Amino acid sequence: MRSARPVGLLLSAAAVVLWAIGITVLQPLTEPIGPWSENLPGNNAYWARDLRFMAIMAVAIGLVLAGRGQLRWSQPAVVLGGCWVAADVAIDRVDPTGAEATVLLAVGGCAVLGVLAAVLLWRERATPSAADRKALTGAACVAGVLTLVAAGMESPTDREPELNQGALATAALLVVLAVGAALAAAPARTWARCRLAAGLAVLALLGVGLVRATPPGQRLLPELALGAVLLTGVTLLAWDWPGGRPVWRHHALAAFAALVGPMAILLVAAIAMMVLLPIGATFTALAGNSPINSADSDLLVSLAGLLAGLGMALLLAWPAALGYRPGPPR
């Protein structure tokens with residue numbers, strides 16, 4: 001897809017802006033006042049942190065899309081994401097607020113993104129290569145699962161209007177990234193696939209709105225439906241259509257995996273992080289924020305979403321469905 005590069009870079013820049021707003025506008029809303037035990041925060045208290053981390057992941061996915069899945073773009077994108085998370089923790093300790101800080105961080109982040117993109121474009125001039133459809137499909141799966149996490153984000157009170165706004169914006173950006181990466185992974189950009197991509201994007205955005213409109217605690221079914229539609233749509237866009245039409249039995253299996261897979265992997269990842277690896281508490285301490293009270297858990301749901309997305313990528317970025325065939329025996 002010829003437009004993958006500008007679209008990917010534009011979406012990455014939009015994710016940078018969301019991140020800057022998250023750390024200067026949303027994060028102060030989640031930080032309790034005072035160190036006393038009766039005021040310690042509870043479950044999902046640091047929802048702004050999770051939205052920011054998903055925005056950082058969106059920056060990396062946008063770079064993968066801009067590089068059409070090529071390894072020379074994907075590796076720096078992952079490294080940039082890791083470094084950005086470390087920078088986020090350091091900036092969180094400073095507690096920046098106000099419009100000036102928002103603009104400064106957004107401009108600085110876009111400048112970093114622009115410099116990296118310029119370097120990667122310069123390196124690519126000499127040896128251009130074809131798109132990596134498997135990597136693009138995997139990126140679409142990660143963005144699709146993160147969409148579910150962002151759309152279902154909750155807080156201890158669920159009364160903050162900024163939570164709805166931030167969750168909707170982050171989930172909408174991830175929907176566009178998922179559909180864009182899946183379309184870029186297609187073997188050919190036909191009118192049928194373009195119409196399917198447009199319809200899938202509209203349907204998924206409506207699904208995000210439905211999840212946010214559903215009261216907390218009752219969002220499981222809308223989230224399951226959103227995941228099934230979005231991830232099945234990813235396979236319809238990215239996989240081969242032998243004879244000019246999809247192999248429906250394969251997509252039926254993909255739909256089943258998309259229905260049960262994300263929530264199952266999310267649950268396993270969440271339990272593992274609560275019991276074996278309390279990484280959320282570590283990030284809270286590094287950022288200088290108040291710990292979660294002992295009756296609740298400090299779960300980093302954005303990381304659980306990333307792991308679940310990578311798990312779905314292993315299931316749905318199916319080499320045979322993407323045109324990869326085993327070579328002849330030697």
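## Second largest pocket

The second largest pocket is lined by 25 residues, and Asn44, Val149, Gly152, Leu299 and Val301 are those that lie nearest its centre; a pocket here is an open set of points on a 1 Å grid over the protein atoms alone where a 1.4 Å probe fits, with protein on both sides within 12 Å along at least five of seven lines, and lining residues have an atom within 4 Å of a point. Helix 2, helix 5 (133-151), helix 8 (220-238), helix 9 (248-275) and helix 11 each give two or more residues to this lining, helices being DSSP runs (H or I, at least four residues) numbered from the N terminus. Helix 9 supplies the largest share, 4 residues.

About 650 Å³ of space lies in this second largest pocket, where a volume is the space filled by probe spheres set on the grid points, which are joined across faces, edges and corners. Its lining has 15 nonpolar, 5 polar and 5 charged residues (Ala, Val, Leu, Ile, Met, Phe, Trp, Tyr, Cys and Pro count as nonpolar, Asp, Glu, Lys and Arg as charged, and the others, Gly among them, as polar).

## Basis of the model

This is a predicted model, in which local features need pLDDT of at least 70 and side-chain atom pairs count only at pLDDT 80 or more, while totals for chains, interfaces and linings use all residues. Residues are numbered from 1 along each chain as its sequence is written, and side-chain values use heavy atoms, with hydrogens and water left out.

## Largest pocket

About 760 Å³ of space lies in the largest pocket, whose lining comprises 29 residues, with Ala60, Val78, Val142, Leu306 and Leu310 nearest its centre. Helix 3 contributes the largest share of that lining, 7 residues, and by class the lining has 22 nonpolar, 6 polar and 1 charged residues.

## Nonpolar core and an aromatic pair

The largest nonpolar core has 93 residues, and Trp19, Met153, Leu177 and Val179 have the most contacts inside it; such a core is a set of buried Ala, Val, Leu, Ile, Met, Phe, Trp, Tyr and Cys residues joined through side-chain atoms within 4.5 Å. Helix 2 (residues 47-66) gives the largest share of this core, 16 residues.

The structure holds 3 aromatic pairs, among them the edge-to-face pair of Trp19 and Trp84, at 5.5 Å centre to centre and 85° between the planes (rings of Phe, Tyr and Trp, the last by its six-membered ring, pair if their centres lie within 6.5 Å; planes under 30 degrees apart count as stacked, over 60 as edge-to-face and the rest as tilted). Trp19 counts as buried at 3% relative accessibility, buried meaning under 20% relative accessible area, exposed over 50% and partly exposed in between, with a 1.4 Å probe and protein chains only.
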